[in-house]
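Hi everyone, thanks for coming. Let me put the sequence and the model up on the screen, and then we can walk through it together.

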Amino acid sequence: MSGPSTDTAVVAPAAAASRPARRSRLRPRVDGHPLEPYLYLLPHAVLFLVFVVYPVGFAIYVSLHRWNILSDQQPFVGAEFYTRLLTPGTPQFTFFWKTMGNTALFTVITTPLLIVCALGLALLLHRPIPGRSFFRAVFFLPTILSVSVMGLLWKWMFENRTGLINVLLDMLPFTEPVAFLTTIGLAWVPIIVGTVWWTVGFNMVLYSAALAAIPQAYYEAAAIDGAGAWAKFRYVTWPQLNPVTLFATVTTTIASFQLFGQPHVMTAGGPLRTTQSVMMFITEEAFTRFQFSSAAAMSLMFGALLLVVTGFQFRLTLRDLGRGRA
């Protein structure tokens, strides 16, 4: 009986030695304990449970009971407070949907303004002009102000008698001062102008970073094909900015729906609640009339509507992104 050949004896250890190396290339090596990744996720999970899951769950519980902080008895009322929000004629229905309309109007006006103005500023400051960094700082600095400071500043600017805007209108021929803060419709002017001035710098920085990341070779190829300035923007710049536009649109919409500080400081929701946002009304319901269950139901319904709007916006914009890539 003959033993294994010399070639087989040499090849077998070599194959055995190469097998672990091949397995190590296919499977990432884990040096630590298998539970180590979960320990990194644990702090965020704890914060998420404490500050998101628990408040939402407690709000649902409060909205289903007639909550009274001075009593130990919290009777269960089911969907009574949700029914009031959907029943025409009740005070909750009237003022909740009126303030929701005010908030939607503000969002519809400011979101396109904050996208278009930010993109225009970014395109202007993308050119090699003197003092470009200075102007970027000038447009971005208002974003670091608190809403109280911004609100007081623009309230003083649009004061009915002593505001700078009315002083200038009084000096010009054929014009006269306008009571911006107490006139229905015009009271939105200082709120919208102040909000655009306050937040346009953030979107401008996003667009500036996206413009700087577009390869110059794309523009050179477009120039060789005879494309003009508008064609370069339409077929090169705008498609490359689509992801930033999606992010800016969603975040701006969510921030606009959370309108509270600007009308609270400038107009206090007036005149006749025409500038009162839904967040202001929910706060008034909870901490002025102490109707915590009603306020909780309004908050949850408002959150659900916001999720629907954001989801629709994501779906619509992602579909456009898919078309652009196709």
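Let me begin with a term: the bend at a residue is the angle between axes fitted to the seven residues ending there and the seven starting there. Helices here are DSSP runs of H or I with at least four residues, numbered from the N terminus. With that, look at α2, where a kink of about 40 degrees lies at Leu42, shortly before the proline Pro43.

A quick word on what you are seeing. This is a predicted model, where local features need pLDDT of at least 70 and side-chain atom pairs count only at pLDDT 80 or more, while totals for chains, interfaces and linings use all residues. Residues are numbered from 1 along each chain as its sequence is written, and side-chain values use heavy atoms, with hydrogens and water left out.

Back to α2. This helix runs over residues 36-63, and its 28 residues reach 40 Å from first C-alpha to last. That is close to the expected 40 Å, taking 1.5 Å times one less than the number of residues. Ala59, Val62 and Ser63 of α2 are buried, meaning under 20% relative accessible area, with exposed over 50% and partly exposed in between (1.4 Å probe, protein chains only).

Now, which residues touch the most other members of the largest nonpolar core? They are Phe106, Trp188, Met204, Tyr207, Ile214 and Leu241, out of 33 residues. By nonpolar core I mean buried Ala, Val, Leu, Ile, Met, Phe, Trp, Tyr and Cys residues joined through side-chain atoms within 4.5 Å. Helices α4, α6, α8, α9 and α10 each supply at least two residues of this core, and α8 gives the most, with ten. A second, separate core has 20 residues, including Tyr82 and Phe292.

Phe292 also forms a tilted aromatic pair with Phe290, at 6.3 Å centre to centre and 55 degrees between the planes. Rings of Phe, Tyr and Trp (its six-membered ring) pair with centres within 6.5 Å; planes under 30 degrees apart are stacked, over 60 edge-to-face, the rest tilted. Phe290 is exposed at 54% relative accessible area, and its phi is positive, near 55 degrees.

Finally, the loop between α11 and α12. Pro271 is found there, and a cis peptide bond joins Gly270 to Pro271, with omega about -5 degrees. Arg273 lies in that loop too, with a positive phi near 65 degrees. Most residues other than glycine have a negative phi, and most peptide bonds are trans.
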